[in-house]
Amino acid sequence: MPAQTPVASTLVVRTRAELAAALGGPARGVRGVVMTMGALHRGHATLIREARRRADQVIVTIFVNPLQFGPGEDLDRYPRTFDADLDVCRREGADIVYAPSAVHDPAPLVTLSAGPLGGILEGASRPGHFDGMLTLVGTLFHLVRPDVAFFGRKDAQQLVCIRRMVADLAFPLEVVGVPTVRDDDGLALSSRNAYLDAGQRRSALALVRSLTAGAARATEGPTAVLAAAREVLAMEAGVDLDYLTLANPSDLGPVAEGPALLLVAARVGTTRLIDNIDLVLAGASRPAAVFAHDGYQGV
């Protein structure tokens, strides 16, 4: 396993040609990639750190992808903090930062589709979002040619879509899901948390409390899990619930027992937040358990 040591310098490249020149021929050892839209926080730093631990060469991409933003979404106000982002990349040992002004110029006529996975949950509220995300991710996979790609588990549907794309379209790489990073109060780290004022942040904590309450009822089956989680959310007037559901971790389909994702999405003020937790729903002969993969045990 590669040693986890900072690199001497981080090379910034802006164009496809510069990226190709920086990468050279086939990777010497394991090449890892972390794809971001910038505004990097401790969650992104954890992704880069895990890539540094597992890969010999680490590439971080920074690009706010217009293909995954719909009308009225926050493309224009999405935070752009490149200098601070570069500091994070340097500190965590990224070898190359690819930060283009555009990845597709002009806009692509041929795009990837998330299929049925793109029309449910987040996709129901954000039509075309996952098609745009997969089109960018697939393009970057071709440009970077990684052996391993690292994505956060907080964006659970995104991770499922990427894993299915890699499997279904035979991309020659491994996708690693990295545990969610949370603040001390339990709120999952997100660039959009910066939009919350103090009162809204307190309201937002109802999301993680609902997941914890639901997971605690896993021994009693899906109905009890959802009822417990929904009760917590109903007590918080500042949360406008979009969805709360249990889903199969591999295809987001219905699940009655065994491994499951409990997912929630809601608006707090004008900010849309998502969160999830892994759990195991108990069947007649199956004990229940919660996967505390993110190290969070409740507030």
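This is a short chat about the structure shown above.

User: Hi! What kind of model is this, and how are residues numbered?
Analyst: This is a predicted model, with residues numbered from 1 along each chain as its sequence is written. Local features need pLDDT of at least 70, side-chain atom pairs count only at pLDDT 80 or more, totals for chains, interfaces and linings use all residues, and side-chain values use heavy atoms, with hydrogens and water left out.

User: Thanks. Which domains does the chain have?
Analyst: The domain assignment gives domain 1 (11-178) and domain 2 (191-281); such bounds come from an automatic or database domain assignment. Their centres, taken over C-alpha atoms, are separated by 26 Å. The contact between them (heavy atoms within 4.5 Å) takes 22 residues from domain 1 and 18 residues from domain 2.

User: Which residues touch the most other members of the largest nonpolar core?
Analyst: Those are Leu19, Val137, Phe141, Phe151 and Ile162, in a core of 40 residues. A nonpolar core is a set of buried Ala, Val, Leu, Ile, Met, Phe, Trp, Tyr and Cys residues joined through side-chain atoms within 4.5 Å. Buried means under 20% relative accessible area, exposed over 50%, and partly exposed in between, with a 1.4 Å probe and protein chains only.

User: And which element gives the largest share of this core?
Analyst: Helix H5 (129-144) does, with nine residues. Each of domain 1 (11-178) and domain 2 (191-281) supplies at least three residues to this core. Helices (H or I, at least four residues) and strands (E, at least two) are DSSP runs, numbered from the N terminus.

User: What is Leu19 in contact with?
Analyst: Leaving aside neighbours within four places in sequence, Leu19 is in contact with Val13, Ile96, Tyr98, Leu143 and Val144. Apart from this core lies another core of 24 residues, among them Ala206, Leu207, Ala229 and Leu281.

User: Switching to helix H7: how far apart are its end C-alpha atoms?
Analyst: They are 27 Å apart, which agrees with the 26 Å that the 18 residues of H7 (residues 198-215) should span at 1.5 Å a residue. The expected span is 1.5 Å times one less than the number of residues.

User: What caps the N-terminal end of H7?
Analyst: Asp197 does: one of its side-chain oxygens lies 3.2 Å from the backbone nitrogen of Gly199. The buried residues of H7 include Ser203, Leu207, Leu211 and Ala215.

User: Now the strands. In which sense do S8 and S9 pair?
Analyst: Strand S8 (residues 258-268) and S9 pair in the antiparallel sense, over eleven bridges; two strands pair if DSSP finds at least two bridges between them. Ala266 stands opposite Leu273 in S9. In their hairpin, which has two residues between the strands, Gly269 takes a positive phi near 65°.

User: Why is S9 called largely enclosed?
Analyst: Because ten of the eleven residues of S9 (residues 271-281) are buried.

User: Where is Leu252, and is it buried or exposed?
Analyst: Leu252 sits in the loop between S7 and S8. Leu252 is buried, with a relative accessible area of 8%. Its phi is positive, about 65°, although Leu252 is not a glycine. Most residues other than glycine have a negative phi, and most peptide bonds are trans.

User: How about Arg145? What is its phi?
Analyst: Phi of Arg145 is near 55°, a positive value in a residue other than glycine. Arg145 lies in the loop between H5 and S5, and counts as partly exposed at 37% relative accessibility.

User: Last one: which residues does the cis peptide bond at Pro106 join?
Analyst: That bond joins Asp105 and Pro106, with omega about 5°. Pro106 is in the loop between S4 and helix H4 (122-125).

Conventions. A polar contact is a pair of N or O atoms within 3.5 Å; within protein, one must be able to donate a hydrogen and the other to accept it, and residues adjacent in sequence count only if both atoms are side-chain atoms.
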